Amino acid sequence: MRVLVAGASGVVGRQLVPALETAGHDVIGLARTTRGKLGRGAVAVDVLDRDAVIRAVDDSAPDAIVNMLTAIPARINPKRIDRDFAMTNRLRTEGTENLLHAAKLFGVSQIVAQGLAYAYDPHGAGPANEDTPLWRDPPQPFAPVLDGLKQLEASTLAAQGTVLRLGHLYGPGTSYASDGSFVHDVRRGRVPLVGGGTATFSFTHTRDVAAAVVSALTMGLPGVFNIVDDEPAQMHEWLPFLSRTIGAPDPRRVPTLMARFAVGTWGIAFMTQLRGADNARAKRLLKWQPKVPTWRNGFASELADIAAGH
């Protein structure tokens, strides 16, 4: 299959391109620049330019389009997530519409797009499945991010595409990598447990995202699928584990009211309210299994260089 990967230079794209090639696909990487390994063919395109996207799809003649478009900064200010995600929101809305328009013009019937598995409404027991509604009343800074996600999903599903809702990404190039901003802050004791650290996280290694895309292309099933590991965990469990793994001090405990000024309403929600996700549907229908089934092994493996050097 000839696959056009939009966002091929991102943290997922860098794992996805070689995974697709290993699976026997002919990959064309689409990104703002063509630096790096973007497949046998590489196309530099601003996906917000509809005419340029049309030309790229026409020239590359793909059988499938994989939409991994984001522009997430290396460090996010939780008080200004609306500002930090502004370009990503445009990519998820305008960029997605441009890709889908070109796909329709040239008869590309298979679409796979990236969603989020931690935007579920937090009110409910246990991990959320794909039928659980997304956040009904999100913190205001997160509202435009959620609106962008909803539009991406609606457009993709209307085109009979597949949406892969990803958990908190870790692996090379992410904020949880050994050189990532989150790990940097944990090493310096700057990440506290707010309000008991009751947010539940579902993590996903970027290599498992790549494997899920390969599975989605193979199965060709439209719909929404959570792509997360097997062990949702509250922040008060995984953050101390991460701290110990890298030889950092145990995280401080900070009352919610005290932290509100520093991290805002979204930061508080992120640390106290998030709901984990269930991956049973992806396992059953996409025949996908996470190669890193728990963040415990994943963190230990990814951060081994810090642990050894401590």
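**Cores and rings in a predicted model**

The largest nonpolar core has 49 residues, and those with the most contacts inside it are Y176, F182, F201, M235, W238, L242 and F299. A nonpolar core here is a set of buried Ala, Val, Leu, Ile, Met, Phe, Trp, Tyr and Cys residues joined through side-chain atoms within 4.5 Å. This is a predicted model, where local features need pLDDT of at least 70 and side-chain atom pairs count only at pLDDT 80 or more, while totals for chains, interfaces and linings use all residues. Residues are numbered from 1 along each chain as its sequence is written, and side-chain values use heavy atoms, with hydrogens and water left out.

Reader: Which element gives the largest share of this core?

Author: Let's look at the helices (H or I runs in DSSP, at least four residues) and strands (E runs, at least two), numbered from the N terminus. Each of α5, α6, β8, α8, α9 and α11 supplies at least two residues of the core. The largest share is seven residues, and it comes from α9.

Reader: Which residues does F182 touch, leaving out those up to four places away in sequence?

Author: F182 is among the core residues with the most contacts inside it. A contact means heavy atoms within 4.5 Å. Leaving out residues up to four places away in sequence, F182 touches S175, Y176, V191, M235, W238, L239 and L242.

Reader: How many residues apart in sequence are the parts that Y170 and F299 tie together?

Author: Rings of Phe, Tyr and Trp (its six-membered ring) pair if their centres lie within 6.5 Å; planes under 30 degrees apart count as stacked, over 60 as edge-to-face and the rest as tilted. Y170 and F299 form an edge-to-face pair, 5.3 Å centre to centre with 75 degrees between the planes. Y170 lies in strand β7 and F299 in helix α11, so the parts they tie together are apart in sequence by 129 residues.

Reader: Which residue lies over the face of F241?

Author: A charge sits over a ring if NZ of Lys or CZ of Arg is within 6 Å of the ring centre and within 35 degrees of the ring normal. At 5.9 Å from the ring centre of F241, the residue over its face is R296.

Conventions
Buried means under 20% relative accessible area, exposed over 50%, partly exposed in between (1.4 Å probe, protein chains only).
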